[in-house]
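Colleague: Hi! Could you walk me through the packing in this model, with your cut-offs spelled out as we go?

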Amino acid sequence: MYDLAYFRAHLDEIAGRLATRGNALNLDHLRDLDSRRRSAISQAEDLKRRRNQESAEIARLRREGADTASRQQQMRALGEEVAALDKQVDALDEEFRERLASIPNVPHESVPVGKDAADNVEIRRVGTPRQFDFAPKAHWDLGPELGILDLERAAKITGARFALYWGLGARLERSLINFMLDVHTRHHGYLEVLPPFLVNSQSLFGTGQLPKFKEDLFQCAGQDFWLIPTAEVPVTNIYRGETIDGDLLPVKLCAYTPCFRSEAGSYGRDVRGIIRQHQFQKVELVKFTSPDNSYDELEKLTADAEDILSRLGLPYRTVVLSTGDMGFSSAKTYDIEVWLPGQNDYKEISSCSNFESFQARRANIRFRSGKQTEYVHTLNGSGLAVGRTWVAIVENYQQRDGSVVVPEALQPYLGVEVIRGR
RNA sequence: GGAGAGGUGGCUGAGCGGUCGAAAGCAGCGGUUUGCUAAACCGUCGUAGGGUCAAAAGCUCUACCGGGGGUUCGAAUCCCCCCCUCUCCGCCA
């Protein structure tokens, strides 16, 4: 989404940079659409001006007591013409805006150019995956054996890709939420918020999920209420349509919410266990910053998310996504991937992005510095995905006997040192 | 869910078919005055889109008075639907 004037002036540049993420813009079509739209607007406004002048004239004549019936009759025809033209304008304008709204963000120059995830670049690797002297199990075996995870009954209650946690399993999830919120609010300077879990379509447009990614979302039947796919949506939209006092920047918020995703198009991926669910819990970090330090803030936000893994003693690595693997709204994204012995691989547990002014333009979020108002930069990242952290703890801290040692940082929350079978 | 009252520019608030993009006050901005502060006075003060322009400024036009439809030559004002806020009742956690 771009300012029309900015977009028109920088069309070629934008198209060039978008090409690096595999998005081809049909420039001719856009230009043609824009010029048709503008000429329709001019025509319609021309007629409206005439109508306004005539109406004023009628008003004047009537005040003088003249008969204006025939003039009014003529104006009726003009009114119909205006209505027809307005319809054209609306259609063209909507098409043009929809096109613009469907253009993804432009990657930052520091982002590696690439085709897909294979071109992502590892930035750092922290911690060493543990050497097991037995064959480590996956959480989908460990969880049910410990009696803390029950996927069969969840499927009965709701369906596939839902989870039911029992006892210490449920408590582990809750402990992780509290632990993460406590670390971010006490040590990293975030303010906790608890937003609605349902949002309207305007909010989803603001953060970029709509109109393009409707099929990834759950919507309440017959209502403009949508289940949030991430806390990013309600939290970023807190300031939709507002101008923030520049002295308050950066605004740093964190929120726990469940997240709901249809996972359309991911059939066959991560089908076992709770790696990929229709509902999962997440603690999210969101920042509103001034444009000149948003990339510093992205580094800090990523470090804040990584800190959770460090405190839990979980090995991870951080990669920067290539242009071809980035999300629609992002200008730069780091993925943090945690080591999962059950998968024998690193798996995404957090995604930290700088959207620059992309969301701010769509959601109209500005800040005031002196007399000027300017769009803020918005950032967010998981801090962390709770379900996947649950998996990481169960798999990384498992013992030969199937029990799970609780990391020290979590013990005050969980109240036990070891999770054992019932 | 039922009954009632409302939603107007950054805020307060008038307007209830044409003279209204909208009175007035406050805040803001520029200036005069001033030892400084304060006060007073003068001016200025919405957003988006189109045209003009190399561009900006300026000028000009169009739209916007919660959102969407309608009536009318003409709507902030009249009608319909929806949303939100407040009060009372009901229900519920």
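Colleague: Are Tyr 165 and Trp 390 buried or exposed?

Modeller: Happy to start there, with a note on the basis: this is a predicted model, where local features need pLDDT of at least 70, side-chain atom pairs count only at pLDDT 80 or more, and totals for chains, interfaces and linings use all residues. Residues are numbered from 1 along each chain as written, chains are lettered from A and ligands numbered from 1 in written order, and side-chain values use heavy atoms, leaving out hydrogens and water. Buried means under 20% relative accessible area, exposed over 50%, and partly exposed in between, with a 1.4 Å probe and protein chains only. By that scale, both Tyr 165 and Trp 390 are buried.

Colleague: Which kind of pair do the rings of Tyr 165 and Trp 390 form?

Modeller: Rings of Phe, Tyr and Trp (its six-membered ring) pair if their centres lie within 6.5 Å; planes under 30 degrees apart count as stacked, over 60 as edge-to-face and the rest as tilted. Tyr 165 and Trp 390 are 225 residues apart in the chain. Their ring centres are 5.3 Å apart with planes at 65 degrees, so the pair is edge-to-face.

Colleague: How many residues apart in sequence are Phe 179 and Tyr 413?

Modeller: Their rings make a pair too, with centres 5.9 Å apart and planes at 80 degrees, so this one is edge-to-face. Helices (H or I, at least four residues) and strands (E, at least two) are DSSP runs numbered from the N terminus. Phe 179 lies in helix 7 and Tyr 413 in helix 13 (residues 411–414), so the pair ties together parts separated in sequence by 234 residues.

Colleague: Where does the charged end of Arg 362 sit?

Modeller: A charge sits over a ring if NZ of Lys or CZ of Arg is within 6 Å of the ring centre and within 35 degrees of the ring normal. Lys 252 lies over the face of Tyr 190, at 4.8 Å from the ring centre. For Arg 362, the charged end is 4.2 Å from the centre of the ring it sits over, that of Phe 205.
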